[in-house]
Amino acid sequence: MQNLYCPWEPATYLFFSSNVPPLIHYSHFVVIFSALAVGLIIFASNPRALLSRLFIFFSVLFCLWALLDILLWATNDPALVMFSWAMQVLIEPLTFAMAFYIFYIFLYKEIPSFKVNLLFFAALLPLILLLPTELNLEALLLSACESIEGPIAKYYSYTLNLAFTFAIVLVGFLRIPRLENKDKKRTALYFGVGLVTFLLSFTSGNIISSFTDDWTISQYGLFGMPVFAALIVYSIVQFKAFNVQATGAQVLVVTLWTLVGSLLFVVDTPKAKIVAAITLLLTATLGYFLVKSVKREIKQRKEIEMLAGNLERANTRLKALDKQKSEFVSIASHQLRSPLTTIRGYASLLLEGSYGRISEKAKEPIRRIASSSKLMTFAIEDYLNVSRIESGNMKYTLTDFNLKDEVDHACDDLRQDAIKRGLALIFRSNLSSRGIIHADLGKTVQILQNLIHNSIKYTEKGSVKVYVRDDMVRKKIYVDIIDTGIGMSQETMHTIFQKFERAENANTVNVHGTGLGLFVALKMAQAMGGDISAHSDGDGKGSRFTIEFPLAL
Amino acid sequence: MDNYMINKRSQILILIFILLTLISIAATYYNTLILKNFVIIDDVSSELISDE
C-alpha cells in the first residue's frame with residue numbers, strides 16, 4: 001500500500017513535474033508575488049503595527065495555500081497529497097478568519113471582543129479537531145492523485161469561508177457609512193470590496209472544483225488576489241492607506257517585475273527563458289533608477305513645500321510686525337503733530353507782533369523755528385500718510401474735476417518757490433478733451449504739488465516744465481513734469497518709488513526729505529486708478545515724472 | 001507594537017487555539033506522512049508505478 005504512487009514521474013524540487021500545466025505555474029506565481037508584494041510593502045512601512053503583522057501573516061497564509069496547491073499538482077506521492085490537502089483545508093478558513101480580523105481592526109481600531117473571539121474559536125474548533133480524521137479526507141484516488149473529501153473538507157470548511165465572508169460584509173456595512181474622514185471611507189470601501197472579491201472568487205473556485213472534481217477551475221479563483229492587491233495598492237498610493245508612503249512608480253516597477261518574473265515559469269524553450277531573463281534584468285535595472293529618481297524628486301518637492309511653508313509663516317509674521325510698526329508710527333506722529341502746530345502757531349504770532357515788538361535780532365531765530373517746524377510738519381504728514389496707506393485707512397472722496405485747471409493752480413502756487421531758486425516754471429497744455437477726471441481733489445493736488453515741488457527742489461538751474469496732454473485712444477490724461485535737475489541713474493529709477501528711497505545724489509542739493517513723498521504719491525495715484533512713472537537719461541541729465549489718470553468722459 | 005487592548009480571556013483563547021492547531025497539524029503529519037494511515041483507491045492497478 002505504501003509503495004503505490006500516482007501515474008506520473010516524481011516531482012523535481014517539489015513544484016515541477018510533467019503533470020503540472022504551465023498555466024498553473026503562471027497563475028499561482030503571479031498571485032503569490034502580488035500577495036507577498038502587498039504584504040511586504042505594508043509590513044515594511046510599519047513592522048511594529050498590529051495591522052501590518054496580521055497582514056503579512058494573511059499574505060503568508062495565502063501564499064502557503066498557493067504553494068501547497070502547486071505541490072499537489074506536481075507530486076505523485078499519495079502521503080504528501082493527503083497531508084498537503086489536509087493543510088489546505090485548514091489554511092483556507094484560517095485565511096478567511098484572518099481577513100475578518102484585519103478588516104475589523106482596520107475599521108474599528110480595536111481587537112474584536114471576547115464574544116466574537118469565542119464565536120470564531122467555536123466555529124473553527126470542529127475543523128481543527130477533525131482535521132486528521134476520515135471525516136476530513138476519506139481516501140485518495142490514485143489515478144488523479146486527488147483526495148476524496150469528507151464532510152469537513154467538502155461542506156464545513158466552505159460553510160466557514162462563506163460565513164466569515166458574510167461577517168466581513170456585515171462589519172463593512174455597519175461601520176463604513178459611519179466613518180467621518182472621506183479618504184478613510186474610500187480606503188475602507190476599496191479595501192472591503194477588494195477583500196470580499198478575493199475571498200469570494202477564491203472560495204467559489206474551490207467549491208466548484210470540489211463538487212465537479214475539476215481542479216483546474218480553482219486556479220481561476222486565485223485571480224481575485226491580484227484584484228485585491230491592485231485595490232490595496234491604489235488605496236496606498238491615493239490615500240496613504242496603512243500609512244504607507246508609496247508612489248505610482250514603485251508600484252508600476254514591482255508589478256512589471258512580477259509579470260516579467262512570472263514569465264520565467266511559463267515559457268518552455270531555453271531561448272524564450274533567456275529573453276525573459278534579460279527582460280527581467282533590464283526591467284529591474286531601469287526600474288531601480290526610475291524609483292530612485294522619483295524618490296529624489298519627491299524629496300526635493302517636500303523640501304520645497306517645507307521651505308514655502310516656512311516662508312509663508314515668516315511672511316505672515318513680517319506683515320504683522322509691519323502693521324505694528326505702522327500703528328506705532330501713526331500714534332507717534334499724532335503725538336508729535338499737536339505740539340508742532342502749537343510751536344508753529346506761536347512762532348507765527350510772535351513774528352506778526354501779537355506779543356509786542358520783537359527785536360530784529362530775535363526775528364531770525366523765530367523764523368528758523370517757524371520754517372523748521374513747517375518742515376517737520378511735512379515730514380510727520382508723510383509718515384502719517386504711509387501709515388494710513390499701509391493700514392488701509394486712507395480715505396478718498398472721488399469727484400469729477402478739471403485736472404488741467406488744478407495743474408495750472410499748482411504751478412501758480414509753486415511759482416514763487418521756483419523764482420526764489422532762479423528757475424522758470426512753465427505750464428503748457430495740449431488737450432483734445434476737457435481734461436475732466438474722477439478722483440479725490442485734495443489728494444490729486446497733493447500729488448501734483450509734491451512732484452512739482454520735488455522737481456524745483458532737485459533743480460539748481462534751468463527750468464521746470466509742466467505739460468498736460470491727453471490720449472483719446474487710451475482715454476487717459478497725462479501730466480509731464482520735466483526738469484533740468486540732478487537726474488538719476490537706472491538703478492535709482494527702479495527704487496525711487498519705494499519707501500525711504502531717495503536718489504543717490506539727492507543730498508548734494510537738498511538735505512531735507514524723508515524719502516516717503518514719491519511712495520505716498522504713487523500709492524495715492526494708484527488708489528485712484530492712476531499711475532506715476534519716472535524717467536531720466538542719467539545723473540545730471542534732468543528727470544521726467546509722468547502722472548496719468550483715466551479720463552472721465 | 002501599537003497599543004491594542006486584548007483581554008486576558010481572549011489571550012488564553014487564542015493560545016489554546018494556536019496550541020490545538022499545532023497539535024492537529026502534528027497529528028495529520030504523523031497520520032499521513034509517517035504512518036501513511038489512509039485508504040488508497042487503486043483505480044490504475046495495471047499502470048502502477050512502484051518505488052521499487
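A salt bridge is a side-chain nitrogen of Lys or Arg within 4 Å of a carboxyl oxygen of Asp or Glu. The model shown is predicted, with local features needing pLDDT of at least 70 and side-chain atom pairs counting only at pLDDT 80 or more, while totals for chains, interfaces and linings use all residues. Residues are numbered from 1 along each chain as its sequence is written, and side-chain values use heavy atoms, with hydrogens and water left out.

**View 1. The interface of chain B and chain A.** Across this interface the rule finds zero salt bridges. Chain B brings 35 residues to the contact and chain A brings 43 residues, where contact means heavy atoms within 4.5 Å. About 3,600 Å² is buried between the two chains, and carbon and sulfur atoms give 73% of this area, which is the accessible area (1.4 Å probe) lost on putting the two parts together, summed over both.

**View 2. Strands paired between the chains.** Strand β2 (residues 137-141) of chain A and β1(B) run parallel and are joined by three bridges; strands (E, at least two residues) are DSSP runs, numbered from the N terminus, and two of them pair if DSSP finds at least two bridges between them. Leu141(A) has Ile41(B) as its bridge partner in β1(B).

**View 3. The disulfide of chain A.** Cys6(A) and Cys145(A) are joined by a disulfide, S to S 1.8 Å, the term standing for a pair of cysteine sulfur atoms within 2.5 Å. This link is right-handed, with 70° about the S-S bond. A search of the whole structure finds one disulfide over all chains.

Notes. Chains are lettered from A and ligands numbered from 1 in the order in which they are written. Helices (H or I, at least four residues) and strands (E, at least two) are DSSP runs, numbered from the N terminus.
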